[in-house]
Amino acid sequence: MQFSRRFTAACLASAAFTTPVIAQDDAATTSTAPETSVAAIENGQVYQPAFFQRFAPQTALDMVGQVPGFGITGQSDARGLGQGGANVLLNGTRFSGKSVSITDALGRIPAADVVRIELLDGASLNIPGLSGQVVNVVYESGGGGGQFRWSPQFRSSGTDPLLTNGEISWSATSGRVDYTVSLQNTSAHQGNEGPGFRYDGNGDLVETRYENLFIERERPKLSGTIKYSGAGGDVGNLSGAFQLYRLDYLELRDGNLGTRKLVQKEDEYNYEIGGDYAFDLGSGRLKLIGLRRFEASDFQNTVRSTYADQSPDTGSLQDLYIDETESILRTEYAWKAGANDWQISLEGALNSLATANEVQRLDPTTGGHVPAFASPETVVEEKRAEAAITWGRQLAANLSLQASIGGEYSELSQSGQRGKMRSFWRPKGFVSAAWKATPDLDLRLKVSRAVGQLNFFDFVASTDLGSGNNQAGNPDLVPEQSWDIELEATKTLGPWGSLTITGIHRAISDRVTQIPIGATDEAPGNVDRATINFLRARGTFKLDPIGWRGAQIDLTTFIRETSVYDPLDGIYRPFSGSQRRLLDASLRHDVPASDWAYGGGIYAYDSEPGVRLNQVSQRSLDGADGYVYVEHKDVAGLKLRATVGNLLNAGDVFSRTVFVNRRGGPVAFSEAEDRTYGTIFTFDISGSFG
């Protein structure tokens with residue numbers, strides 16, 4: 001109820017914030033983009049570089065971010081490489097990569113190299129699995145140029161200054177080869193502080209404490225791409241990345257009962273190499289795709305509590321390592337037979353996870369640690385093969401249809417005492433249609449049978465020192481399956497912008513959730529039935545028609561309803577921790593006949609309770625996060641932006657109730673936290689060279 005009031009207030013504040021406060025004289029302003037910068041085509045729209053000129057973009061990513069009503073989705077959450085992928089194409093082809101994302105690739109294409117950006121209907125393209133709005137970035141590599149960005153950040157409380165967030169890249173052409181090399185660091189310094197409270201099983205307050213959290217992440221990554229364009233139409237792409245990751249996590253609690261210090265450290269390195277090669281073969285075109293990804297992580301976590309009543313200190317130390325690998329080979333052969341487009345695809349994948357976990361308890365006598373729990377190395381491995389055939393056809397000038405049928409074979413194995421080997425066959429496929437109902441209304445429908453991705457961590461036992469939660473592993477897990485229905489409508493609003501509304505219904509079987517193990521333990525397990533209903537609106541609304549030249553509102557909002565069978569009490573409940581509502585509204589005004597722009601926005605969300613078999617928790621954003629910024633597009637050739645965030649003093653709120661054994665029984669204790677993270681000051685400095 002509290003969030004509902006704040007969510008409504010955020011919506012009203014957003015509407016008030018985005019109302020023009022200064023009437024502008026039409027005669028004193030100029031058009032922000034020539035009318036010829038946008039043109040309608042049979043299956044979408046084409047945006048010329050002139051459309052984006054007022055935003056002073058420096059990369060293709062800057063330009064895609066300003067396509068009205070569009071948002072990048074589907075980057076790396078698909079099972080394997082599969083069909084579809086991200087809803088962005090580069091010169092009409094999919095980008096083959098996971099660690100090197102499509103946003104990385106777009107951020108390294110200079111805006112000057114972009115010829116045009118096409119906003120298309122995915123179902124009308126000869127690319128199996130793509131549906132909904134798709135952006136195709138058409139570009140030609142220039143002689144050579146570089147991009148750079150530096151984004152220092154400062155907070156009024158809770159963290160040290162962040163000075164290492166940035167990227168530098170270089171792109172060039174040599175003969176038939178285009179190449180890009182990049183060095184980036186997506187670092188973050190986060191933290192919060194505030195009071196915490198602990199209550200006994202009767203609800204009586206037993207402890208008041210003050211809590212501080214400090215999180216520092218560093219992710220330096222060296223990556224590059226190479227593209228070869230052969231004289232006969234052959235096209236080859238190769239991409240690679242090597243990344244280091246360092247996490248330092250410190251949480252301090254100081255209360256009337258004593259103190260607690262939680263330290264978590266992670267050292268990781270990962271690499272990925274992937275590529276594809278396409279060439280004409282017979283009456284069609286063959287494309288070969290490969291990817292290899294590896295990640296090695298070492299964790300050392302410690303927790304130690306001291307007590308005001310002079311009781312002996314307690315604590316634990318955890319050593320954990322995790323190695324993950326993913327290897328994929330895929331081939332696609334596409335050909336045209338009259339008005340029909342056909343494709344046959346084959347994919348094979350080998351995924352594995354190796355992990356070992358040791359927990360030691362603090363010995364109050366010696367002050368050292370003694371063994372408490374040890375899990376020997378466990379290896380979980382999946383061998384998977386899938387095949388599909390896809391057909392597409394333009395049924396009419398304004399109607400296209402695409403259909404696919406196939407299946408996958410999966411073999412799962414796990415080492416150790418509880419290890420076993422199992423195999424499965426799962427059907428997959430879809431039917432999608434795109435209909436241009438009127439010149440300014442596009443409708444899309446997709447019905448699919450999908451197979452979900454397994455989380456290998458659910459197969460092995462785990463311990464969380466921070467929350468005190470333990471869970472057993474489950475070697476009997478299977479991937480979830482679902483029937484998905486997606487309906488999407490895009491309304492072009494002419495000079496007012498664009499609005500897209502998307503509705504999705506998913507009927508899921510074998511949903512993974514927590515299931516009871518014995519009288520007190522729990523583990524991830526499959527349950528028969530679950531559903532998701534999702535409704536999202538995403539739009540860009542331009543304010544030029546009311547006389548506010550160069551101003552626009554961007555809005556994304558959704559509501560998600562979920563339901564899953566709870567094996568503990570036999571009733572249906574929402575998915576644990578699922579985000580159920582979101583509001584993301586922003587205003588931008590590019591001041592005509594100047595290099596200045598300013599704007600701001602509001603962000604708010606609401607989540608379902610987190611549910612385990614012995615506890616219920618709730619983590620949420622307290623209120624709404626508001627921000628404002630000012631931008632100058634040419635300071636000695638640089639673009640500068642200054643942003644002030646968290647203007648509405650939003651905070652992190654957490655509460656949980658822990659039961660003695662199972663939910664619904666006697667309460668062991670409950671706790672609540674209310675932390676603030678202060679005002680955030682961010683500076684973005686970007687430019688180009690070469």
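The model is predicted: local features need pLDDT of at least 70, side-chain atom pairs count only at pLDDT 80 or more, and totals for chains, interfaces and linings use all residues. Residues are numbered from 1 along each chain as its sequence is written, and side-chain values use heavy atoms, with hydrogens and water left out.

Start at histidine 632. Histidine 632 lies in strand S35, residues 625–635 (strands are DSSP runs of E, at least two residues, numbered from the N terminus). Histidine 632 is buried, at 17% relative accessible area (buried means under 20%, exposed over 50%, partly exposed in between, with a 1.4 Å probe and protein chains only). Leaving out residues up to four places away in sequence, histidine 632 touches Asp595, Trp596, Leu638, Lys639 and Leu640 (contact means heavy atoms within 4.5 Å).

Now turn to the rings. The whole structure holds 16 aromatic pairs (rings of Phe, Tyr and Trp, the last by its six-membered ring, pair if their centres lie within 6.5 Å; planes under 30 degrees apart count as stacked, over 60 as edge-to-face and the rest as tilted). One of them joins tyrosine 269 and phenylalanine 294; this pair is tilted, 5.9 Å centre to centre with 50° between the planes. Tyrosine 269 is in strand S14 (residues 258–281) and phenylalanine 294 in strand S15 (residues 284–307), 25 residues apart. Tyrosine 269 is partly exposed at 37% relative accessibility, whereas phenylalanine 294 is buried at 13%. Ring pairs link Phe242, Tyr269, Tyr271 and Phe294 into a cluster.

The charged end of arginine 198 sits over the ring of phenylalanine 669, 3.8 Å from its centre (NZ of Lys or CZ of Arg must be within 6 Å of the ring centre and within 35 degrees of the ring normal). Lysine 446 lies over the face of phenylalanine 430, 4.9 Å from the ring centre.

Terms used. Helix = DSSP H or I, 4+ residues; strand = E, 2+ residues; numbered from the N terminus.
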